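Welcome, and please open your viewer. We will go from selection to selection, with a short note at each stop.

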Amino acid sequence: MEKVLEVKDLHVTFTTYGGEVQAVRGVTFDLLKGETLAIVGESGCGKSVTSQSIMRLIPSPPGRIADGAVLFKGKDLTKLKESEMRDIRGADISMIFQDPMTALNPTITIGEQIIEGIMQHENISRQDARKKALEMLNLVGIPNPSERLKHYPHQFSGGMRQRIVIAMALVCEPEVLIADEPTTALDVTIQAQILDLFKDIQKKTGVSIIIITHDLGVVAQVADRIAVMYAGKIVEAGERREIFYNPQHPYTKGLLNSVPRLDLDGADLVPIGGSPPDLFAPPAGCPFAARCGFAMEVCDRVYPYKTHLSRDHHVDCWLQDERAQKMLAAVK
Ligand code: SF4
Ligand code: MG
């Protein structure tokens, strides 16, 4: 399948008074046309920084894309001028965030905001922009859209507001939609509706979606592929089924054990003990070693190689690599 976006060996650092934080440490993945890729991990793992770097939205300084490339339509986005990037944002790659209110202006009707957004990117009449706004509100399931255009953001529920933000993100028919924790602020029923909406929109428009979340449960229904991030790296990735039914990284297993399941009662939930390493001085070995029940001597000393288990499924863990013992002998 056609690759829409390629992230290659991305490194992002933040300079602070305490030193340099290595927030993203060599992240590589592709996004295919029409698929949903979920990037999953605890807060601070680098998943939001990765998505903001694709959009070139990390505050710089203190943030900096230190190395790597983000390829989109033959261009490396990390190398573009800010003016070129502005043309891509919204029109080719759109982003939505956890709190819909941050994307909406409370003092302007949603009709004005959507029409304004369209006219910024497209050379069309107000009347045509209004027509398009109505189509978009229809697409995201806002009832009675021509009436609703006249309303202000506070006149909508949280779920409806997120639908409006999604409509605004889609209005210029982007090829990529990045959604950072799009349902975290919503209650469970509304969450499910918004996730259904993503699937529905994807079917109708063919947009490729990246969903960023801390909750593996959220992506069980919508993701085609899942990348699990830990301490600035993708430690395991694969098709949804591979990650849910055949996880190999102890961290992925830990995440799965902490997801509430309908078929088990809550007592079986096991949170992952401990906390992630300090990314001011990331460990030389596996960053999960301090929390891992399977850690071996080699884990503390050397970062594991990437082991490929199938076309899509790969994992960075010494348990999967028969060279672990040899490697340990070499560094001892
Ligand atoms: Fe655990 Fe070692 Fe695998 Fe890291 S490399 S996850 S410490 S077994
Ligand atoms: Mg985040």
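Start by selecting strand 9 (225-230) and strand 10 (233-239). These two run antiparallel and are joined by 6 bridges; helices (H or I, at least four residues) and strands (E, at least two) are DSSP runs, numbered from the N terminus, and two strands pair if DSSP finds at least two bridges between them.

Before going on, a word on what you are looking at: this is a predicted model, in which local features need pLDDT of at least 70 and side-chain atom pairs count only at pLDDT 80 or more, while totals for chains, interfaces and linings use all residues. Residues are numbered from 1 along each chain as its sequence is written, and chains are lettered from A and ligands numbered from 1 in the order in which they are written.

Stay with the hairpin and click on A231. The hairpin has 2 residues between its strands, and A231 takes a positive phi near 50 degrees. Next, pick V228, whose bridge partner in strand 10 is E236. From E236, move across to V315, its bridge partner in strand 12. Strand 12 (residues 314-316) pairs with strand 10 in the antiparallel sense over 2 bridges.

How many residues of strand 10 are buried? The count is 6 of the 7, so strand 10 is largely enclosed by the rest of the structure. Here, buried means that 20 or more other C-beta atoms, placed from the backbone, lie within 10 Å of the residue's own.

Now select helix 11 (residues 250-257), where P250, Y251, T252, G254 and L255 are buried. Their cover includes strands 3, 9 and 10, along with helices 9 and 10.

For the next stop, show strand 1 (residues 3-16) and strand 2, an antiparallel pair with 11 bridges. Click on K3 to find its bridge partner L32 in strand 2. Both strands belong to an open sheet of 4 strands in the order 2-1-4-5, with antiparallel pairing. Strand 2 (19-32) and strand 5 (75-76) stand at the edges with a single partner strand each, so one side of each has no neighbour in the sheet.

Finish at ligand 1. Which residues come nearest? Of the 14 around ligand 1, they are C286, C292, A295, C299 and C317; a residue counts as near if its C-beta atom, placed from the backbone, lies within 6 Å. By class, the shell has 13 nonpolar, 1 polar and no charged residues, with Ala, Val, Leu, Ile, Met, Phe, Trp, Tyr, Cys and Pro taken as nonpolar, Asp, Glu, Lys and Arg as charged, and the others, Gly among them, as polar.

Definitions and conventions:
A residue is buried if 20 or more other C-beta atoms lie within 10 Å of its own, exposed if 12 or fewer, and partly exposed in between; C-beta atoms are placed from the backbone. Two residues are in contact if their C-beta atoms, placed from the backbone, lie within 7 Å.
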